[in-house]
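Thank you all for making time this morning.

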Amino acid sequence: MAKPDLFRPRQSGHAESPLCPSSGLRSAFRRSTRISVFVQGINAHYMKKLLDIAEQLTTIHVKHCERGKRCLYEGSTPPGGFPHSWNGATYCTSELSILKNNEIHTWDRGYDDDDDDDDDDDDDDDDGNQNTPSTAKAPIMKSPSASHALFGADRGGNLSKPDDNVMMKQILRTHAPDGREVDVRPLLSLAEDILNRAIQHVDFIVKGTQAQIEMEEKGRQANYIVMLEALTYSVDRIACELSYKVLEGSDAHATTTAIFNFLSTHTWDAKLVLSLSAFALNYGEFWLLAQIYSNQLAKSMAIRKQPPSILEYTAPLKPRFEALNGLMRTVMDVTRCVVELKELPSMYISSDVPALATAMTHIPTAVYWTIRSMVACATQITSLSSMGHEYGISTAEVAELSTLTHKLIKIYKNLREQLSFCYKFIEEMKDAEYFQMLLILFDPNVMHLDNMKVLKALIYARDDKLPLMDGFTKRQVGLDVLRRKNVLLLISSLEFSSDELAILEQIYNDSRIHATRLESQYEVVWIPIVDHSLVPLTDEMRTKFETLRSTMPWYSVRDPLLIQKPVIRLIKEVWHFRTKPILVVLDLQGKVVSPNALHMMWIWGSTAFPFTSLREEALWREETWRLELLVDGIDPLILNWIKEGKYIFLYGGEDIEWVRRFAAVARNVASTSRIPLEMVYVGKSSNRDKVKKVTEVINVEKLSYAWQDQAMVWFFWTRLESMLFSEIQLGRADDRDPMMQQIKKLLSYDRAGGWAVLSKGSNIVVNGHCTTVLPALDGYDKWKVKIAEIGFDLAFMEYHDKLHDAARPCCRFEFPTTTSIPENLRCPECHRIMEKYTALLCFHEEQGIPGSLF
């Protein structure tokens with residue numbers, strides 16, 4: 001099948017081949033009818049000589065330019081005249097160029113040594129008529145490089161011609177895609193590689209800098225080669241047009257339109273990439289010859305194409321090279337943008353999405369000006385190849401390249417903005433789809449063979465990376481290490497309390513000691529949650545993450561950015577993660593058996609394995625209101641006191657005066673009653689700084705025993721809060737279980753001031769507020785008579801309860817918005833439904849709101 005011509009033959013008596021420059025030049029020469037010539041610095045004497053020279057050669061108009069200025073050619077002609085791309089002006093190295101018999105005759109520049117006073121008359125001919133045609137008998141001198149003058153024409157065309165609206169209507173009429181799709185990505189990659197290497201070479205010539213460019217080896221791929229072979233003809237034809245239309249004198253718009261006509265059946269992105277590939281072919285050839293000039297064959301070719309002499313004159317050519325490089329970079333930017341818009345997945349975005357609709361309306365204009373910019377660049381390269389370094393002195397052409405660059409940059413920014421909106425829309429659609437997939441995956445009714453599908457969906461789905469870091473070996477591992485194991489997902493932000501981490505690490509390490517026990521058959525994986533709007537992570541965040549990860553003995557996600565936004569949404573919306581850590585438990589099949597088992601870990605440690613709701617209820621059934629429930633696993637000294645059957649006062653608060661008075665009165669009562677009494681100051685759930693000061697006073701004044709480690713204080717209150725949260729999660733927060741009523745009282749007393757708990761061995765005798773405990777001790781004389789009858793513990797409890805019934809201390813609970821708040825909560829004192837109030841509290845402490853759960 002014959003290949004179609006790229007352009008139709010001109011109506012000039014014979015067909016012109018776009019692949020043959022000489023025929024195009026002959027046609028151009030025959031059309032010469034009018035030239036306006038600026039001749040530098042000549043007086044009337046030289047003017048008359050020029051008129052004689054020009055006689056009988058052709059019709060010319062001779063003008064006189066200012067002395068000291070370079071010679072300029074300018075003007076335009078009607079169709080059929082001298083190459084009509086000479087609108088605007090460009091520099092030339094000769095004084096005069098005359099066309100006769102298809103030959104260009106040039107004369108060297110001359111300068112007028114006479115005064116400028118005669119200049120005003122130099123524009124007149126012998127008859128006194130200004131700018132009238134004259135003729136000359138014969139030329140004085142011929143120049144072998146005279147044909148260079150032809151190419152000082154419209155190097156890219158006037159940007160304001162024709163009107164944009166008319167122009168785009170003309171371009172749109174050429175667009176008639178036949179439905180064929182071209183995979184332009186491989187071709188674009190190849191064209192970009194050629195152009196980037198050429199630009200790199202030019203930067204090295206001009207600036208002396210060189211960057212490394214890497215390209216993926218695609219040449220060996222069979223489909224890649226087949227694609228190139230299928231498009232070679234089109235690329236070669238466009239490359240020829242880009243080179244030889246300049247020699248014919250066609251303006252940029254005409255050349256660009258011709259390319260659009262040839263590519264009429266292709267899509268917009270294919271038009272652009274095919275044109276870019278064609279230009280890359282010419283541009284790469286030009287600089288390749290210049291680069292390998294040392295090779296003899298290349299040297300012979302380069303002498304023909306002129307690059308060697310160009311490289312010897314880099315200084316005057318520097319503005320042109322930089323302008324070309326700048327424009328080519330922008331051309332590639334726009335091309336990539338258009339290709340990306342074409343490649344947007346239709347399953348996630350449709351043409352009625354405003355951002356895409358807006359972008360598509362601008363695509364034709366973007367493609368037109370990008371191809372036209374290629375034509376302008378091709379004109380420069382062809383002219384440099386034809387005329388060498390002498391051509392590179394026009395600031396007007398550099399300005400035109402800059403104008404095209406600015407125009408393309410504006411187009412690119414607009415397209416890139418719309419493309420960003422499209423990407424954001426697609427990302428949201430993909431995230432929503434992924435989130436729905438996660439909901440189905442974690443549906444309790446959906447069964448899985450093992451936990452790998454769930455873990456891959458949560459952490460990392462592909463197999464190209466090892467997503468986990470082993471906290472023991474400090475090596476990267478895959479998700480297979482978790483296959484068919486109970487997995488505890490420790491989910492937190494990078495703001496992880498050091499106290500919390502230390503206690504959790506202790507519990508974990510204790511479970512590893514007895515690895516064969518049933519309660520040790522689980523693995524912990526840290527899932528760090530970061531704000532994806534802060535991507536990429538700052539150095540500070542990255543350092544904080546790596547520091548936290550290095551302290552953890554269990555598995556950790558290697559990079560927090562592996563956790564995708566739909567997963568974070570699931571963690572927040574379904575598992576109710578806010579700011580404080582949670583511990584989500586997955587069984588062997590990846591089913592969620594507890595949305596947050598951290599409170600179980602704080603209360604019972606690894607004994608709570610497998611951390612299910614059934615196991616939680618079973619553990620609560622085994623518990624009673626005893627001192628071990630409050631201090632188990634915190635302080636072995638207290639456990640020894642319990643075994644010895646001593647009386648023990650746990651007390652807290654931040655009022656140092658109350659602490660002094662309470663400690664003194666309690667010791668006095670114990671001494672008088674001759675009972676073995678131990679007292680332990682356990683601080684307060686908040687106001688850590690004040691607790692430290694109270695502890696220091698207690699130590700100095702030796703008021704009682706006090707916990708020196710603030711982690712112990714933190715863990716004590718965290719366990720109490722965990723007990724309440726456990727009941728809330730089990731839906732039993734409002735029942736009248738006596739043990740839970742006492743726990744709620746203690747939590748309420750902590751918020752309302754000082755408090756004290758008295759136990760005899762393991763048995764808790766009194767749980768009272770500061771407003772009742774201290775008065776009960778002060779009233780010792782009123783109840784001491786009963787000690788002999790019923791014992792110290794019962795006598796004190798009886799008198800305290802009378803004071804308590806009279807005082808009725810107010811109970812209050814504070815629930816941060818980061819946790820679920822029970823709909824109804826009864827007061828542990830009066831058993832009425834408590835009212836809800838909204839309070840705004842400010843915590844300036846490093847630990848923030850106390851407790852890992854609230």
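Let me begin with Arg 674, which counts as exposed because its relative accessibility is 77%, where exposed means over 50% relative accessible area, buried under 20% and partly exposed in between, with a 1.4 Å probe and protein chains only. Before I go on, please keep in mind that this is a predicted model, in which local features need pLDDT of at least 70 and side-chain atom pairs count only at pLDDT 80 or more, while totals for chains, interfaces and linings use all residues. Residues are numbered from 1 along each chain as its sequence is written, and side-chain values use heavy atoms, with hydrogens and water left out.

Arg 674 is found in the loop between helix H21 (656–673) and strand S15 (677–681), where helices (H or I, at least four residues) and strands (E, at least two) are DSSP runs numbered from the N terminus. The phi of Arg 674 is near 55°, which is a positive value in a residue other than glycine. Lys 702, which is not a glycine, also has a positive phi, of about 55°, and this residue is found in the loop between helix H22 (688–701) and strand S16 (705–706). Lys 702 counts as exposed, because its relative accessibility is 70%.

Taking the chain as a whole, its secondary structure comes to 28 helices and 18 strands, and of its 854 residues 53% count as buried. In the loop between helix H17 (598–604) and helix H18 (613–622) we find Pro 610, and the peptide bond that leads from Phe 609 to Pro 610 is cis, with omega near 10°.

**Aromatic rings**

How many aromatic pairs does the structure hold? There are 29 aromatic pairs, counted where the ring centres of Phe, Tyr and Trp (its six-membered ring) lie within 6.5 Å, with planes under 30 degrees apart taken as stacked, over 60 as edge-to-face and the rest as tilted. One of them is the edge-to-face pair of Trp 707 and Phe 716, at 5.8 Å centre to centre and 65° between the planes, and both Trp 707 and Phe 716 are buried. Another edge-to-face pair is formed by Trp 783 and Phe 792, at 5.4 Å centre to centre and 65° between the planes, and these two residues are buried as well. Trp 783 and Phe 792 also belong to one aromatic cluster, whose members include Tyr 647, Trp 658 and Phe 796.

**Two helices in contact**

Helix H14 (residues 498–513) packs with helix H23 (residues 710–729) at an angle of about 80°, their axes being 9 Å apart, where axes are lines fitted to C-alpha atoms, for helices over the stretch in contact, and angles run from 0 to 180 degrees between N-to-C directions. The contact, meaning heavy atoms within 4.5 Å, involves Asp 499, Glu 500 and Ile 503 of H14, together with Gln 710, Ala 711, Trp 714 and Phe 715 of H23.

**A buried glutamate**

I will finish with Glu 192, which lies in helix H4 (residues 185–207) and counts as buried because its relative accessibility is 12%. Once its neighbours within four places in sequence are left aside, Glu 192 is in contact with Met 332 and Arg 336.
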